[in-house]
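Here is my note on the model you sent. Please keep the structure open while you read.

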Amino acid sequence: MDVQKYLLRIGYEGPALPTPTLDALQRVHRCHLRTVPFENLTVHSGGRVRLDLPHLYDKIVNHRRGGFCFENNGLFSWLLSEMGFEVNILAGQVRNAITGLYGPPFDHFISMVTLEGHRWLCDVAFGGSGFEFPMSLETEEPQKQGHRVYRIRQAGEMHFLEWQDEERETGLWTELYKFTLDTRHRGDFIEMCDYHQSSPSSIFFCKSLCSILKPTGRLTYIGHKLITTQFPSDEAGTVTKTTRELTDEEIADILKEEFGIMLESQLVPKDETITPPLYIF
């Protein structure tokens with residue numbers, strides 16, 4: 001890994017070799033979210049997602065692509081280690097917002113950073129409901145980030161990431177995913193990476209998507225739609241969304257102009273209904 005080249009890729013402004021501090025952790029976390037798209041376009045353009053680190057580095061840093069959690073969080077955890085942070089890989093299970101069911105074990109790749117005895121949850125690949133800065137694992141109290149409020153609730157060894165959904169009634173907590181603090185290894189996620197590329201119960205198989213955080217909101221491509229989400233400028237404001245229908249011919253230009261992505265193979269846009277899983281996890 002060329003750490004400086006990676007930091008340049010994500011637009012990090014600071015010392016050439018930043019020291020492992022909380023400020024540096026928060027800044028690289030936000031920079032990553034704002035520059036590396038959360039996307040699965042490889043799956044829908046004739047390719048297969050691979051998790052070996054040299055390949056991920058070449059894809060995301062050299063070719064300026066993004067990826068889903070196994071890719072973006074996988075590479076980000078390596079960056080943090082190279083910067084001198086103490087990093088442990090964790091596995092999460094994502095809650096389906098429609099069915100309320102959790103995905104299989106190793107459904108989601110996340111990281112824990114321990115800094116001066118304080119543990120932080122890092123996740124730069126959770127799409128629209130993700131948090132912008134690392135979340136403290138030392139408290140169950142609400143943690144406010146901009147107009148959003150999150151918390152990490154603990155029940156035995158299981159931890160639940162929850163938020164107050166900005167599009168629902170104020171004050172209600174919604175579970176996003178659950179995880180334990182057991183250390184995992186990169187190879188543990190290979191089976192689930194294959195699952196998300198082939199299962200009709202996975203959003204990544206059913207929908208071609210690309211999403212990125214912006215300073216004032218989020219931009220998301222799905223199938224033949226471009227969704228612009230505008231965050232409120234103050235606490236009294238509301239989140240607004242606008243949707244633009246895209247033709248096949250427009251999609252490539254949108255990906256290039258709005259997300260900085262140029263695919264080597266033809267994309268097949270997809271937006272199919274997700275099949276509920278047969279098993280409850």
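The points below cover the sheet, the helices and the aromatic rings.

1. Ground rules. This is a predicted model: local features need pLDDT of at least 70, side-chain atom pairs count only at pLDDT 80 or more, and totals for chains, interfaces and linings use all residues. Residues are numbered from 1 along each chain as its sequence is written, and side-chain values use heavy atoms, with hydrogens and water left out.

2. The sheet. Eight strands make an open sheet with antiparallel pairing, in the order β5-β4-β3-β2-β9-β8-β7-β6. Strands are DSSP runs of E, at least two residues; helices are runs of H or I, at least four; both are numbered from the N terminus. Two strands pair if DSSP finds at least two bridges between them. β5 (135–136) and β6 (143–145) stand at the edges with a single partner strand each, so one side of each has no neighbour in the sheet.

3. β2 (residues 86–94) and β3 (residues 108–115) run antiparallel and are joined by seven bridges. Look at Gly92: its bridge partner in β3 is His108.

4. Helices across the sheet. Helix α2 (residues 22–35) lies across β3 and β4 (118–122), at about 5 degrees to β4. α4 lies across β2, β3 and β4, at about 20 degrees to β3. Axes are lines fitted to C-alpha atoms, for helices over the stretch in contact (heavy atoms within 4.5 Å). Angles run from 0 to 180 degrees between N-to-C directions.

5. Helix α3. Leu53, Leu56, Tyr57, Lys59, Ile60 and Val61 of α3 are buried. Buried means under 20% relative accessible area, exposed over 50%, partly exposed in between (1.4 Å probe, protein chains only). The cover over these residues includes α1 and α4 (69–82). Arg64 follows α3 and has a positive phi, near 55 degrees.

6. Aromatic pairs. The structure holds twelve. Rings of Phe, Tyr and Trp (its six-membered ring) pair if their centres lie within 6.5 Å; planes under 30 degrees apart are stacked, over 60 edge-to-face, the rest tilted. Tyr6 and Tyr57 have ring centres 6.4 Å apart and planes at 70 degrees, so they are edge-to-face. Tyr6 is in helix α1 (residues 3–9) and Tyr57 in helix α3 (residues 53–62), so the pair ties together parts 51 residues apart in sequence. Tyr6, at 0% relative accessibility, counts as buried.

7. A ring cluster. Ring pairs link Phe38, Phe68, Phe70, Phe106, Phe109, Phe189 and Phe204. Within this group, Phe68 and Phe70 are both buried.
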